[in-house]
Each structure stands twice: as C-alpha cells, then as structure tokens.
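Open the model in your viewer and keep the selection tool at hand. This tour goes from stop to stop, saying what to select and what is there.

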Amino acid sequence: MAAEGPVAAEERAAGEEPEAAVRIRSLWKRFGEQIAVAGIDLTLPAGRFIGLVGPNGAGKTTTLSMITGLLRPDQGTVEVVGRDVWSDPADVKSRIGVLPEGLRMFERLSGRELLTYTGRLRGLPTAEVDKRAAQLLDVLGLSGSQHKLVVDYSTGMRKKIGLACALLHNPEVLFLDEPFEGVDPVSAQTIRKVLERYTASGATVVFSSHVMELVESLCDWVAVLAAGRIRAQGPLDEVRGDAPSLQAAFLELVGVRGDDAETSLDWLGGGTR
Ligand SMILES: Nc1ncnc2c1ncn2[C@@H]1O[C@H](COP(=O)(O)OP(=O)(O)OP(=O)(O)O)[C@@H](O)[C@H]1O
C-alpha cells in the first residue's frame with residue numbers, strides 16, 4: 001500500500017474518515033417495472049483508479065448517470081468530493097469530468113474547435129484553453145486530425161477527443177463509461193498512459209468496463225455490480241480473494257450459468273441441419 005500523506009494521517013489521527021471521491025447511500029432507480037439500481041451503498045475512495053464492473057444490464061450506466069448529475073435518482077443520496085450532487089448539480093459538474101457511453105458531440109466542429117468550445121464553456125481563459133488543447137491533442141495522437149470534423153473521426157478518435165474534453169478543466173474526479181470499447185490496442189495504451197498520469201497526481205478515475213483483464217491491470221479498487229446491487233467493493237486484492245483472477249472471482253460473484261448453452265444448443269455446430 002502507498003505511504004499515507006500527512007493530511008490522511010492527520011484525519012486518521014482525529015478519528016475521521018478521509019474524504020471519499022463518491023459516497024452513495026440507498027440509491028434507487030426504476031424504469032417502469034424494471035429496477036435498474038436497487039438500493040446501493042457505495043463509497044469510492046479518493047486518489048484511486050477505480051473499476052465499476054458488472055454484466056450487461058447490471059446498472060453501471062444508470063449508476064454513473066446518477067453520480068454525474070445526468071439522471072435524477074428515485075431515492076437515495078450521492079455525494080461527490082463531499083458535495084451533494086442533486087442539491088447543486090452545477091457545482092459538482094464543475095469539479096468532475098465525464099465521458100459518457102455513446103457520447104453525442106457537436107460533430108460539425110473540428111476536434112480543435114470542440115476543445116476550444118468546451119474550454120470556454122468551462123470558463124477557462126482562451127490562452128489556457130489553447131495551451132491545454134494543444135498538449136492534449138499531442139499526447140492523445142490527435143494533432144494531425146485536429147482540423148478534421150468530429151463526424152469524420154473513427155470510434156477510437158471519438159473516445160480520445162471525448163477524453164480530452166473531459167480532462168480539459170483538470171477535474172478532481174473523472175468518470176468514464178466503457179472508455180476502451182471499440183478502441184484499438186495502440187489508442188488504448190495512449191488512453192491508459194494519460195489516465196495513469198492523471199491519477200498519479202492524486203486525482204480519481206472511476207470507469208466502467210466488462211473487460212476484467214483491463215480492470216485487473218489498471219485498477220487498485222473495484223466495485224462489482226449485478227442486477228442493480230453491489231456484490232463486492234474494495235481493494236482489488238480483497239475482491240479477487242483466493243480466486244486465480246478477477247475474471248474468476250467476478251464469475252463466482254455474479255453467478256455464471258455458462259452450462260446452459262452446452263445443453264440447450266445441442267443442434268449448433270455446422271454441417272447437418
Ligand atoms: N432509459 C431506460 N428505460 C428503460 N430501462 C432502462 C433505461 N436505462 C436502463 N434501463 C434498464 O436498466 C437496467 C440497467 O441498465 P444499464 O444500462 O444501467 O446497465 P449496464 O450495466 O450499463 O449495462 P451494459 O453493460 O450492457 O451497458 C437494464 O435492465 C436496462 O434495460
């Protein structure tokens with residue numbers, strides 16, 4: 001475990017919990033009959049690389065949307081860096097960066113224009129926006145395409161420009177929904193390096209993913225969600241426990257039913273009809 005900084009040590013000495021990046025209490029969300037999030041309690045520590053994992057339909061996107069002020073909860077509270085999200089969403093939004101799933105962007109802008117627009121919306125001075133935009137485009141390998149319209153960007157390029165927009169105002173916490181989906185290994189490595197650089201300075205990354213190997217190699221803290229409930233949360237080593245990999249621990253936690261395919265699809269196999 002990393003050495004504890006003086007502030008954390010003081011807080012502990014005073015018997016106080018160090019500030020969490022996210023604190024969720026009894027959070028619920030229903031869509032008609034469908035319960036997407038079923039009363040979760042979750043505390044995500046600050047300064048960590050956090051993976052939110054779960055099978056399809058587990059409630060990851062719904063949870064992230066409620067944390068980031070995009071979707072109002074039916075019940076429960078969400079605090080980000082100690083501030084109640086739904087009492088003052090604008091305050092919380094100024095402190096966080098978000099790369100949502102299926103992000104819609106102003107596609108008739110070039111990548112560079114999109115960054116300039118985002119920076120000005122965030123209230124950054126023009127010269128600072130220009131400096132940060134140039135650096136982010138360079139680090140993310142987008143300098144050569146900065147004047148291309150976003151509509152003509154590939155999936156990976158869209159993820160990268162979305163990440164650049166989310167980082168431009170140097171947020172305290174960064175939320176990413178499936179940031180590596182559809183991204184080739186070279187771009188994935190670039191994104192990874194940028195995120196590692198970001199967390200090394202004490203910031204928090206929370207990202208959702210289905211790819212356990214990725215979560216295992218990147219994250220030091222994991223929350224497992226299934227059917228709208230938290231199945232496990234804690235440091236990666238604790239959640240993995242004695243299992244040989246996070247994937248194995250995950251399958252056990254969410255209760256796999258892989259055998260069904262072997263018995264019910266007995267006609268599948270090519271050749272005979
Ligand atoms: N706007 C909506 N209207 C109705 N049902 C919804 C809506 N959004 C989500 N759901 C339902 O809520 C449940 C949780 O969905 P959610 O998208 O949060 O899961 P997820 O863990 O992000 O899934 P995936 O990994 O497949 O993206 C699912 O059963 C989904 O069908």
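**Stop one: a helix pair**

Select Gly 111, Arg 112, Leu 115, Thr 116, Gly 119 and Arg 120 in α4, then Val 129, Arg 132, Ala 133, Leu 136 and Leu 137 in α5. These two groups meet; residues are in contact if their C-beta atoms, placed from the backbone, lie within 7 Å. By class, the contact of α4 with α5 has five nonpolar, three polar and three charged residues. Here Ala, Val, Leu, Ile, Met, Phe, Trp, Tyr, Cys and Pro count as nonpolar, Asp, Glu, Lys and Arg as charged, and the others, Gly among them, as polar.

A word on what you have open. This is a predicted model, in which local features need pLDDT of at least 70 and side-chain atom pairs count only at pLDDT 80 or more, while totals for chains, interfaces and linings use all residues. Residues are numbered from 1 along each chain as its sequence is written.

Helices (H or I, at least four residues) and strands (E, at least two) are DSSP runs, numbered from the N terminus. Axes are lines fitted to C-alpha atoms, for helices over the stretch in contact, and angles run from 0 to 180 degrees between N-to-C directions. Angles under 35 degrees count as roughly parallel, over 145 as roughly antiparallel, 65 to 115 as roughly perpendicular and the rest as oblique.

**Stop two: another helix pair**

Select α6 (residues 155-167) and α7 (residues 185-200). Their axes come within 10 Å and cross at roughly 15 degrees. α6 and α7 are therefore roughly parallel to each other. The crossing of α6 past α7 is left-handed. For the contact, pick Gly 156, Lys 160, Leu 163 and Leu 167 of α6, with Ser 187, Ile 191, Val 194 and Tyr 198 of α7. Five of the contact residues are nonpolar, two polar and one charged.

**Stop three: the hairpin**

Move to β1 (residues 20-31) and β2 (residues 34-45). They pair in the antiparallel sense over nine bridges; two strands pair if DSSP finds at least two bridges between them. The two strands form a hairpin with two residues between them. Click on Gly 32 in the turn: its phi is positive, about 60 degrees. Leu 27 stands opposite Ile 40 in β2. Five bridges also join β1 to β4 (residues 75-80), again antiparallel. There, Trp 28 stands opposite Gln 75.

**Stop four: around the ligand**

Which residues are around the ligand? Select Phe 31, Gln 34, Ala 36, Gly 54, Asn 56, Gly 57, Ala 58, Gly 59, Lys 60, Thr 61 and Thr 62. The largest share, three residues, comes from α2. Three shell residues are nonpolar, seven polar and one charged.

**Last stop: the open sheet**

Show six strands in the order β6-β7-β8-β3-β9-β10. They form an open sheet with mixed pairing. At the edges, β6 (96-99) and β10 (229-235) each pair on one side only. Zoom in on β6 and β7 (residues 173-177), parallel over four bridges. Leu 99 stands opposite Leu 176 in β7.

Technical notes
A crossing is left-handed if the near helix is turned anticlockwise from the far one by less than a right angle, and right-handed if clockwise. A residue is near a molecule or strand if its C-beta atom, placed from the backbone, lies within 6 Å of it.
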